Amino acid sequence: MTSTTPNANSYSANAVSPGSGIAASTTGNSPTFSPLYQQIKALITQSLQSGEWKPGELIPSEIELAARFKVSQGTVRKAIDELSAENLVVRRQGKGTFVATHHEARAQFRFLRLAPDEGVPHYPENKIIEVKRLRAPAEVARLLEIKSGDSVVFIRRVQSFSGVPTILDDLWLPGSIFKGLTAERLNEYKGPMYGLFETEFGTHMIRASEQIRAVCADAAVAELLQLSPGVPLLNVERVSYTYGDKPVELRRGLYLTQHHHYRNELS
């Protein structure tokens, strides 16, 4: 199963043509056309990517953005609607529109799809097993779009719900981005891991693509999750992307679903 969110293309501020309502670009002999609100959406995304507005910050109002880009407020509103649907910004009634952040309670469950069969979803306890820097194996390098042998940070952790080990995660992160990430830093940080990535490494996860299959626990996995070898697990392989559709995390998780289920919403 694969889950993806569309990403915006990049445009320069001079590319907006408010009079026509539509702009054309040519790649080779094949012209492509983009509605005006899509161009505005791309320009706002460009500002998010450049750090003009930081996660959690209020962005300019629709009126201010309309004046900035010389388009109608309705065009800006349509662009903001799409950015909100893609969880890049968050509208707050009576307060304005804010850059989405992984520190918000609702955002913590965007990338954690394992829900309890009974009771309300809650964030698991983390136990870091291992953190080390190594050279990227070929498959990891391919998925992260880096060179084979480039530096990556490898993290192994166990996540538990109410004291029961439930998830075994292996993560690979580009070493060039996550310099200084250590087991000590992960252990002392009490918030969500993506919140740490956002705050200290300037990396905001925008979307993820997943593949899911059923597997059985081998002896090593069974020991870490404190269960018997052969117990069925969900194997979830995820590549997470930041702005510009750049992959910045490969995660392979093994999920115990005796008291949980994997939940996704399709729209």
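Residues are numbered from 1 along each chain as its sequence is written. In this predicted model, local features need pLDDT of at least 70, side-chain atom pairs count only at pLDDT 80 or more, totals for chains, interfaces and linings use all residues, and side-chain values use heavy atoms, with hydrogens and water left out.

**Exercise 1.** State how α1 is oriented to α3, and which residues make the contact.

Solution. 
- Helices here are DSSP runs (H or I, at least four residues) and strands likewise (E, at least two), numbered from the N terminus.
- Helix α1 covers residues 36-50 and helix α3 residues 73-85; their axes lie 8 Å apart at an angle of about 60°. Axes are lines fitted to C-alpha atoms, for helices over the stretch in contact, and angles run from 0 to 180 degrees between N-to-C directions.
- α1 is therefore oblique to α3. Angles under 35 degrees count as roughly parallel, over 145 as roughly antiparallel, 65 to 115 as roughly perpendicular and the rest as oblique.
- Contact (heavy atoms within 4.5 Å) involves Leu-36, Tyr-37, Gln-38, Ile-40, Lys-41, Ile-44 and Thr-45 on α1, and Thr-75, Val-76, Lys-78, Ala-79, Ile-80, Glu-82 and Leu-83 on α3.

**Exercise 2.** Classify the orientation of α1 and α2, and list their contact residues.

Solution. 
- The axes of α1 and helix α2 (residues 62-69) cross at roughly 105° and come within 12 Å.
- The two helices are therefore roughly perpendicular to each other.
- α1 supplies Ile-40, Leu-43, Ile-44 and Ser-47, while α2 supplies Leu-65, Arg-68 and Phe-69.
- Leu-43 belongs to helix α1 and counts as buried, because its relative accessibility is 3%. Buried means under 20% relative accessible area, exposed over 50%, partly exposed in between (1.4 Å probe, protein chains only).

**Exercise 3.** Determine which residues of α6 are buried and what they pack against.

Solution. 
- The buried residues of α6 are Met-193, Tyr-194, Gly-195, Leu-196, Phe-197, Glu-198 and Phe-201.
- These pack against β7 (151-161), β8 (164-174), α5 (183-188), β10 (232-242) and β11 (246-255).
- Seven of the nine residues of α6 (residues 193-201) are buried, so this helix is largely enclosed by the rest of the structure.

**Exercise 4.** Find where pLDDT stays under 50.

Solution. 
- pLDDT is the predictor's confidence in each residue, from 0 to 100. The chain has a mean pLDDT of 84, with 84% of its residues at 70 or more.
- Residues 1-28 stay under 50, and the model has 62 contacts beyond four places in sequence for them.
- Where pLDDT is low, the predicted coordinates should not be read in detail.
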